[in-house]
Amino acid sequence: MRHRKLLTTLLMAAVIYVSASQAGADNTGSTLFLSYCISCHNTIPTSDPRLIGATSSKITNAIATISQMKGNSTLKTLTSAQIQSISDYILGTGMTTNWTIVGVGDFNGDGNTDILWRDTINGYNYVWLMSGTSVSSGLWLPTLADNTWLVEGVADFNQDGYADILWRNSSTGLNIIWLMRGSAVQSSITLPTLSDRNWIVGAVGDFNGDKYPDILWHHLVYGYNALWYLNGSAVSGSDSLSALSDQSWVVAGAADMDKDGHTDLLWRNKTAGYNVVWDLNGTSVVNSFQLPQIADTSWTIAAVARPDSNGNFNIFWRNQTAGATVIWTMNGSSIASSVVLPTFGP
């Protein structure tokens with residue numbers, strides 16, 4: 001988050017520069033802007049993974065151009081390209097399309113739902129530590145460079161107050177859980193292998209009311225839905241739910257969405273943008289209701305958070321193309337609030 005604060009300072013400096021130039025001053029803003037640029041440029045380690053994909057030549061050229069502004073009273077503003085060059089370097093926007101939201105959970109035990117990001121190219125894992133719907137700081141997790149491993153769920157599997165990570169190997173069908181304590185992997189648990197790669201984890205939630213998260217599997221070809229009941233780290237049983245064979249529907253998450261004490265399923269139609277909740281009582285679909293439609297299918301549901309103290313759940317939307325992230329806080333089927341998070345990945 002240091003880099004975001006620095007970017008804010010840079011932009012403020014740019015405003016100072018514009019004001020000073022227009023007032024006929026001695027380019028104090030340009031000097032200030034340049035000093036911050038050089039300071040940032042010289043102190044960020046080139047090994048910092050947030051800067052992979054950003055080129056040092058862009059910031060070097062921007063600094064050179066800004067340096068030439070000194071004494072040039074006819075140049076009143078910084079161009080958007082110059083601002084973007086500096087922004088790209090500081091925030092590492094060359095990585096924006098690599099970073100995806102892969103789950104949400106409380107990683108530092110403070111009661112807030114945090115956001116887990118994964119760099120799908122380099123295997124980095126990063127958590128936005130949240131304070132409500134605001135990003136307060138960041139947390140680096142161990143790197144897993146083998147990208148056949150996919151994060152399929154985040155939940156507190158051992159009920160110790162810290163979010164854990166469910167991984168599935170898309171090549172071998174292996175399934176493991178990282179039991180986490182903050183940024184540290186305390187231990188790793190192996191679940192049964194499911195070699196048919198058409199089975200994906202649709203959602204993680206407590207479907208049988210024993211307080212432990214369970215795993216909902218969805219079959220991409222036939223639309224089958226199956227449950228693995230977990231008792232902590234062991235599979236204690238299995239069950240099935242109604243099938244949904246229309247492949248345009250994808251499982252988007254699980255939470256108690258109607259506040260009846262039972263975990264429900266959220267589905268999104270990736271073709272038409274409809275969003276539908278299956279109201280569940282255990283494994284039985286007792287009702288269904290629609291949430292607001294988002295017809296722009298470049299928006300996907302990245303995660304669904306457990307209900308808060310008011311019983312409301314959050315839907316985390318991600319537009320990977322635009323790099324935009326939005327949280328809907330829901331009250332039943334209505335949107336109670338909508339919050340836009342920072343545009344870029346970590």
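Two strands pair if DSSP finds at least two bridges between them, and the strands themselves (E, at least two residues) are DSSP runs numbered from the N terminus. This is a predicted model, in which local features need pLDDT of at least 70 and side-chain atom pairs count only at pLDDT 80 or more, while totals for chains, interfaces and linings use all residues. Residues are numbered from 1 along each chain as its sequence is written, and side-chain values use heavy atoms, with hydrogens and water left out.

**Sheets and hairpins**

Strand S3 (residues 125-131) pairs with S4 in the antiparallel sense over seven bridges, and within this pairing Trp128 stands opposite Gly138 in S4. The hairpin of S3 and S4 has two residues between the strands, and Gly132 takes a positive phi near 70° there.

Both strands belong to an open sheet of four strands with the order S1-S2-S3-S4 and antiparallel pairing. Its edge strands, each of which pairs on one side only, are S1 (99-105) and S4 (134-141). Neighbouring strands of this sheet are turned by 25° against each other on average, direction ignored; for such angles, axes are lines fitted to C-alpha atoms, and the values run from 0 to 180 degrees between N-to-C directions. At the S1 end of the order, six bridges join S1 to S2 (residues 114-119), and Gly103 stands opposite Leu116 in S2.

Another open sheet of four strands has the order S5-S6-S7-S8, again with antiparallel pairing, and its edge strands are S5 (149-155) and S8 (184-191). Here, too, neighbouring strands are turned by 25° against each other on average, direction ignored.

| Strand pair | Bridges | Facing residues |
|---|---|---|
| S1 and S2 | six | Gly103 and Leu116 |
| S3 and S4 | seven | Trp128 and Gly138 |
| S7 and S8 | seven | Arg181 and Ala184 |
| S11 and S12 | seven | Leu230 and Val235 |

S11 and S12 also form a hairpin with two residues between them, and Gly232 in the turn has a positive phi of about 80°.

**A salt bridge**

The structure holds one salt bridge, a term that stands for a side-chain nitrogen of Lys or Arg within 4 Å of a carboxyl oxygen of Asp or Glu. In this contact the side chains of Asp160 and Arg181 meet at 3.7 Å, N to O. The pair links distant parts of the chain, with Asp160 in the loop between S5 and S6 (164-169) and Arg181 in S7, 21 residues apart.

**Surface patch and pocket**

Leu220, Val221, Tyr222 and Tyr224 make a nonpolar surface patch of about 390 Å². Patches are made of residues with over 30% relative accessible area and no salt bridge, where nonpolar side chains are joined within 5 Å and like charges within 9 Å; the areas come from the Shrake-Rupley method with a 1.4 Å probe. Tyr222 has its place in the loop between S10 (214-219) and S11 (225-231).

The second largest pocket has a volume of about 240 Å³. On a 1 Å grid over the protein atoms alone, a pocket is an open set of points, where a 1.4 Å probe fits, with protein on both sides within 12 Å along at least five of seven lines, and lining residues have an atom within 4 Å of a point. Of the 16 residues that line this pocket, the closest to its centre are Asn112, Thr113, Gly132, Asp308 and Asn314. The elements that give two or more residues to its lining are S18 (314-319) and S19 (324-331).

Notes
Grid points are joined across faces, edges and corners, and a volume is the space filled by probe spheres set on the points.
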